[in-house]
Amino acid sequence: HLRSTKRPYVLVEQHNHETPLQAWTRERIDGVFEKAASVVFVSERNRRSAERQLASPIPNAIVLQNPVNLASFEPVPQPSCGSAAFACVARLEVWAKAQDVLFEAFAAPEWKPREWRLTFVGEGPDRDYLVKLAAMYGLADRVIFAGQQRDMRAAWANQEMLVLPSRSEGTPLALVEAQIAGRPAVVTDVGDSARWVAEGETGFVADAATAASFGKALGRAWNRRSEWAAMGDAARERTMARIDRTPGVTLLNHAVAACGFASGN
């Protein structure tokens with residue numbers, strides 16, 4: 001329908017997998033992006049991936065931000081923790097969020113004598129699998145499944161660092177929200193995560209969603225645990241300088257202008 005319509009339209013791409021498209025998929029969407037008044041991505045890397053997958057530039061593309069799920073943009077005070085408090089804030093769906101990789105990384109011998117706990121914030125279809133996996137790796141007594149949390153500021157009140165070993169992302173809102181709260185992060189280099197985390201300054205970036213790669217990033221984080229609060233402050237400062245406070249308004253204004261309504265068309 002989009003290929004035959006004469007009405008202007010804007011596409012909003014919330015997430016784009018980096019895997020190649022099958023031939024029938026490329027044929028099905030051929031011309032759809034080119035005819036759009038604008039194509040809005042939430043990640044620059046997603047935009048580049050789409051161009052590679054389609055073997056075509058998308059000159060009408062723009063990258064805009066999503067709104068965050070926070071009632072306030074004020075920092076969240078650092079908790080007083082004996083054990084290191086890691087939090088994975090994501091839906092429990094391992095094909096994208098790779099919590100299975102996180103368990104394998106934490107099951108490495110060097111983590112056994114260390115004092116730490118891991119809280120999962122979120123729900124999803126793989127919850128039962130992850131409960132079993134935690135038991136298999138001998139981590140059940142260190143892992144908390146906290147479920148879905150409506151108040152993310154309250155969720156971060158007891159957590160020190162975000163861990164997000166994703167296999168695929170756009171720009172994860174969990175990351176942006178954690179940084180606004182004043183928390184550093186360990187992420188994988190997918191989507192625009194590495195654009196929001198400065199290695200060694202506001203967090204740590206793993207090259208890939210593998211236990212070996214993410215485990216090394218976790219190790220770098222552990223070796224600098226005394227700096228986590230300062231890194232969280234730096235993450236917050238950088239994020240506050242770049243976030244769009246009214247992304248919905250920005251998107252609406254862009255869509256109106258792109259479709260020519262502002263000029264009376």
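Me: Which side chain does Arg-91 meet in a salt bridge?
Reply: This is a predicted model, in which local features need pLDDT of at least 70, side-chain atom pairs count only at pLDDT 80 or more, and totals for chains, interfaces and linings use all residues. Residues are numbered from 1 along each chain as its sequence is written, and side-chain values use heavy atoms, with hydrogens and water left out. A salt bridge needs a side-chain nitrogen of Lys or Arg within 4 Å of a carboxyl oxygen of Asp or Glu. Here the N to O distance is 2.5 Å, and the partner of Arg-91 is Glu-93.

Me: Is Glu-93 buried or exposed?
Reply: Buried means under 20% relative accessible area, exposed over 50%, and partly exposed in between (1.4 Å probe, protein chains only). Arg-91, at 35%, counts as partly exposed. Glu-93 has 19% relative accessibility, so this residue counts as buried.

Me: How many residues apart are Arg-167 and Asp-100?
Reply: Their side chains form a salt bridge at 3.1 Å, N to O. Helices (H or I, at least four residues) and strands (E, at least two) are DSSP runs, numbered from the N terminus. Arg-167 is in the loop between β7 (161–164) and α8, while Asp-100 is in helix α5. The pair links distant parts of the chain, and the separation is 67 residues.

Me: Which residues have the most contacts inside the largest nonpolar core?
Reply: A nonpolar core is a set of buried Ala, Val, Leu, Ile, Met, Phe, Trp, Tyr and Cys residues joined through side-chain atoms within 4.5 Å. The largest one has 58 residues. Those with the most contacts inside this core are Phe-86, Phe-103, Leu-118 and Leu-218.

Me: Why is the pair of Phe-86 and Trp-111 edge-to-face?
Reply: Rings of Phe, Tyr and Trp (its six-membered ring) pair if their centres lie within 6.5 Å; planes under 30 degrees apart are stacked, over 60 edge-to-face, and the rest tilted. The search finds nine aromatic pairs in the whole structure. In this pair the centres are 6.1 Å apart, and the pair is edge-to-face because the planes are at 75°.

Me: What kind of pair do Phe-120 and Phe-145 form?
Reply: Phe-120 lies in strand β5 and Phe-145 in strand β6 (residues 143–147), so the pair ties together parts 25 residues apart in sequence. The ring centres are 5.2 Å apart. The planes are at 15°, so the pair is stacked.

Me: Which ring does the charged end of Arg-242 sit over?
Reply: A charge sits over a ring if NZ of Lys or CZ of Arg is within 6 Å of the ring centre and within 35 degrees of the ring normal. Arg-245 lies over the face of Phe-73, at 4.5 Å from the ring centre. For Arg-242 the distance is 3.8 Å, and the ring is that of Trp-196.

Me: How many disulfides does the count come to?
Reply: A disulfide is a pair of cysteine sulfur atoms within 2.5 Å. Cys-88, at 1% relative accessibility, counts as buried, and so does Cys-259 at 14%. By the distance rule the count is zero.
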